[in-house]
Amino acid sequence: GGGSYDDPLQPVTQDETASVGGMVTLTCRVAASDNSSLQWSNTAQQTLYFGEKRALRDNRIQLNRSTGTELSITIGNVQLSDEGEYTCSIFTMPVRTARATVTVLGVPDKPQISGYEDTVQEGGKVTLTCTSSGSKPPAKLRWYRNQEELTGRPDVVETNPDEATYTVISELTLTVGRSDDNTLIGCAVDHPSLSPGEKWTEQPIRVLFTPDVTIQPQNDLPREGEKFIIQCIGNGNPKPTSYVWQKKDGELPLMAKVDASFLLFEMLNKSDNGVYLCQADNGIGKMQGEYTLLVQDPTAMSTSSGVDHAVIGGVVAVIVFILLCLLIVLGRYLIRHKGTYLTHEAKGCDDAPDADTAIINAEGGHSGAEDKKEYFI
């Protein structure tokens with residue numbers, strides 16, 4: 001704005017900021033009116049409005065309000081070319097003016113992530129590039145891995161030759177591990193024309209890694225004479241395609257059948273005891289898991305169910321105990337509060353250390369046969 005406020009005829013304005021495509025309102029006021037008209041002119045000194053009269057044919061520019069002391073106009077669908085200094089004048093003697101600077105923000109485009117070719121092996125590097133055009137002033141780019149912020153290389157800012165906006169480019173290099181498989185790498189644009197997180201893009205990445213191998217038995221109780229299955233589980237990317245079964249220090253038993261990731265024992269025998277190995281291969285690498293088979297007697301009980309019995313027994317015992325306690329307490333309570341006994345109770349209680357003594361004292365304090373009868377009813 002401009003001018004000293006002491007002069008009632010000095011117009012007063014204020015600077016405005018708008019985003020491309022938005023709207024800006026320019027307001028000019030004077031403290032007092034001497035019936036001189038106010039006028040707004042643009043950056044090229046062309047008159048836009050003289051009082052309420054339109055002077056420039058541009059439908060984006062409209063009259064908002066015109067009074068003796070105020071002239072306000074709106075510019076719709078703001079363009080970068082609208083940026084600059086606008087002048088409000090009042091034709092007094094001498095002419096008084098005030099200037100308002102309009103700043104136009106270039107709105108950045110939704111960011112694009114490039115450079116992700118295909119799956120990458122664990123321990124390998126991925127370099128991604130995030131680009132956003134159209135910002136003014138230059139936007140800032142932020143990288144995220146599953147919502148957690150990462151640091152990329154400093155943004156590179158390029159000017160766009162045809163207009164006053166910028167293209168911003170940021171590069172991120174990651175060394176990936178198996179935990180990064182199916183991770184989302186995000187790139188967000190930070191800019192005064194946007195609310196946080198308004199423009200953002202994500203790139204899922206896949207990581208190839210060797211399988212983790214475990215061998216899982218169908219149950220915890222392999223019994224002699226029974227059928228038994230163990231399975232080789234390989235978590236890898238891609239999933240394992242081949243499995244090789246072996247027995248440590250010896251051949252696989254004749255009665256054991258290999259069916260891909262399964263090893264089936266038709267009928268367990270104590271001679272099957274030993275350590276079994278499974279090697280899973282997914283094309284990225286081979287990994288091995290092991291399982292120790294210890295065949296039990298046909299009569300063997302599951303250890304887990306033994307534990308269950310003990311627990312159940314314990315719980316039952318506790319419940320019975322609690323019930324007994326309740327009965328005793330309740331019994332005492334009822335006895336204490338029976339008939340005339342109540343009136344004598346206090347005698348024994350005053351100097352008794354606990355309830356039991358109180359009962360005994362109170363009993364001793366009784367006199368007469370009727371009371372005793374009452375007590376034994």
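These are my notebook entries on a few spots I looked up in this predicted model.

**Ground rules.** I number residues from 1 along each chain as its sequence is written, and I work with heavy atoms for side-chain values, leaving out hydrogens and water.

**Entry 1, the annotated segment.** I started with the UniProt record, an unreviewed entry, which places a "transmembrane region" at residues 311-335. UniProt positions follow the numbering used here, feature names are shortened, and annotations may be inferred rather than shown by experiment. In the model I found residues 311-335 to be 100% helix and 0% strand, with the end C-alpha atoms 36 Å apart. Helices (H or I, at least four residues) and strands (E, at least two) are DSSP runs, numbered from the N terminus.

**Entry 2, a five-strand sheet.** Next I traced an open sheet with the order S11-S19-S20-S23-S22 and mixed pairing. Two strands pair if DSSP finds at least two bridges between them. I noted S11 (120-121) and S22 (256-259) as the edge strands, each pairing on one side only. S11 runs parallel to S19 (residues 207-217), and the two are joined over two bridges. For Gln-121, I found the bridge partner in S19 to be Leu-208.

I located Lys-239 in the loop between S20 (228-237) and S21 (242-247). Is Lys-239 buried or exposed? I read a relative accessible area of 56%, so Lys-239 is exposed. The classes are buried under 20%, exposed over 50% and partly exposed in between (1.4 Å probe, protein chains only). Setting aside residues up to four places away in sequence, Lys-239 touches Gly-234 and Asn-282; contact means heavy atoms within 4.5 Å.

I then moved to Lys-247 in S21. Lys-247 is buried yet has no salt bridge, and the nearest side chain of opposite charge, Asp-272, is 5.8 Å away. A salt bridge needs a side-chain nitrogen of Lys or Arg within 4 Å of a carboxyl oxygen of Asp or Glu. Lys and Arg count as positive, Asp and Glu as negative, with His and the chain ends not counted. Beyond four places in sequence, the contacts of Lys-247 include Leu-252, Pro-253, Asp-272 and Tyr-276.

Last, I checked Pro-137, in the loop between S12 (125-135) and S13 (140-145). At 39% relative accessibility, Pro-137 is partly exposed.

Notes
Predicted model: local features only at pLDDT ≥ 70, side-chain atom pairs only at ≥ 80, totals over all residues.
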